[in-house]
Amino acid sequence: MENAIIIRYCEIHLKGKNRGYFEKMLKENIKRSLKGINFTFTTMHSRYLIENFDENDYDLITNKLQKIAGIHTYSRALVVDSNLDDIFEAAKLLCEDKEGTFKVATNRADKTFTPSSMETSMILGGKLLDVYGGKIKVQVKNPDFTVNVDIREDGKTFVYTDVVHCLSGMPVGSAGKGLLLISGGIDSPVAGYMTCKRGMKLDCIHFHSFPYTGEAAKEKVIELTKKVGEYNGGINLFVVSFTHIQEAIHKHCPEEFMITIMRRFMMRIAERLAKQQGDQAIITGESLGQVASQTIESITSSNSVVTMPVLRPLIAFDKLDIIEISRKIDTYETSILPYEDCCTVFLPKFPAIKPNLERVIRAESKLDIEGLIDEAFKKVEKYVF
């Protein structure tokens, strides 16, 4: 009797003639994530199988599987020869610590196996009742647990009870590359996670305003980037010095437009960096109407300075939705640490909520836009995680 981990995907099933491309990418992502762990990897019909792993590595393996986009579920299974005695011994072992209602569900990929699927379920269910009848009972509809018996064509049978749900979505890398504007707040790491889940490989950019924001603020962003990187198969972070741009805006532009013009500079810098890195889109954590810089007028203003697509995965989410996801992906506690980011520096008392684009452009014309951007690119730090 051996142990195995059965890995299943879901949305990839919907793909047509290019389905193999997504299957291959998911397979490569799994192997890359588990690099350094000893195991054997087998491709089955619509599933993958991990076998011959050290029992001490099981938790490490499954923790990594739960952060790989494209995996729908996995199950830990016992692998036995396809005969009723061995199958029953595996089922008995799996039910040892179970209580409540159950059923047995049998799938026969090997149609030469006898008895039939229904008969096999009935026989195994009866035998399990003989052993554990004091604490389990049969219930076909909505049981507390199911003993799954998967009889394969190669003479092997997989027996399992638990099905663990993972990210689902599409394999990272299958939807191209994007550049995430990551701050120290709650929203942008969640936006990054959501984009990874849809198959986009990410780089990150952060705007740092030293000395107005200190090293603790940057370390906070580094930690958040690492957490997003766990869902991204590794990640690059580019930290851009933004202080001189904010000082220039503060000196030459109307206070009400400070946030608007600052966002426009961020988008310009992000687009230039994205093109350098081969990224195809810009991703932000904006949610419509959440703050002054996220009204439709403000979003229109920041969009107008770039030609690259701007993705906003959280655009229709409310704050509680975003916080719930941030707790799920373990970024919330880091995000609420009391270290300010550049967006809180020189914050005006009354920012323009619905900035007029023509007025913004006139205010911005007082600045040496290209010169300020060029200077920012002289002070870019790169971190690889």
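Predicted model: local features only at pLDDT ≥ 70, side-chain atom pairs only at ≥ 80, totals over all residues.

Visitor: How close do the axes of helix H5 and helix H10 come, and at what angle do they cross?

Guide: Two packed helices are described by the angle between their axes and the distance between the axes. Here, the axes of helix H5 (residues 187-197) and helix H10 (residues 319-328) come within 9 Å, crossing at roughly 70°. Angles of 65 to 115 degrees count as roughly perpendicular, so H5 and H10 are roughly perpendicular to each other.

Visitor: Which residues of H5 and H10 meet?

Guide: From H5, Asp 187, Val 190, Tyr 193 and Met 194 take part; they meet Lys 319, Ile 322, Ile 325, Ser 326 and Lys 328 of H10. The residues of this contact between H5 and H10 comprise five nonpolar, one polar and three charged.

Visitor: How many disulfides are there?

Guide: A disulfide requires a pair of cysteine sulfur atoms within 2.5 Å. By this rule, the count is zero. Cys 166, for instance, is in no disulfide, as the nearest cysteine sulfur, that of Cys 10, is 12 Å away.

Visitor: Is Cys 166 buried or exposed?

Guide: Buried means under 20% relative accessible area. Cys 166 has 16% relative accessibility and therefore counts as buried; Cys 253, at 8%, also counts as buried.

Visitor: Where is Lys 127 found, and which residues does Lys 127 touch?

Guide: Lys 127 lies in helix H4 (residues 117-132). Leaving aside residues up to four places away in sequence, Lys 127 touches Asp 85 and Phe 88. With 29% relative accessibility, Lys 127 counts as partly exposed.

Terms used: Residues numbered from 1 in each chain as written. Heavy atoms only, no water. Helix = DSSP H or I, 4+ residues; strand = E, 2+ residues; numbered from the N terminus. Buried < 20%, exposed > 50% of the residue type's maximum accessible area, 1.4 Å probe, protein only. Contact = heavy atoms within 4.5 Å. Axes fitted to C-alpha atoms, helices over the stretch in contact; angles between N-to-C directions. Parallel < 35°, antiparallel > 145°, perpendicular 65-115°, else oblique. Nonpolar A, V, L, I, M, F, W, Y, C, P; charged D, E, K, R; others polar.
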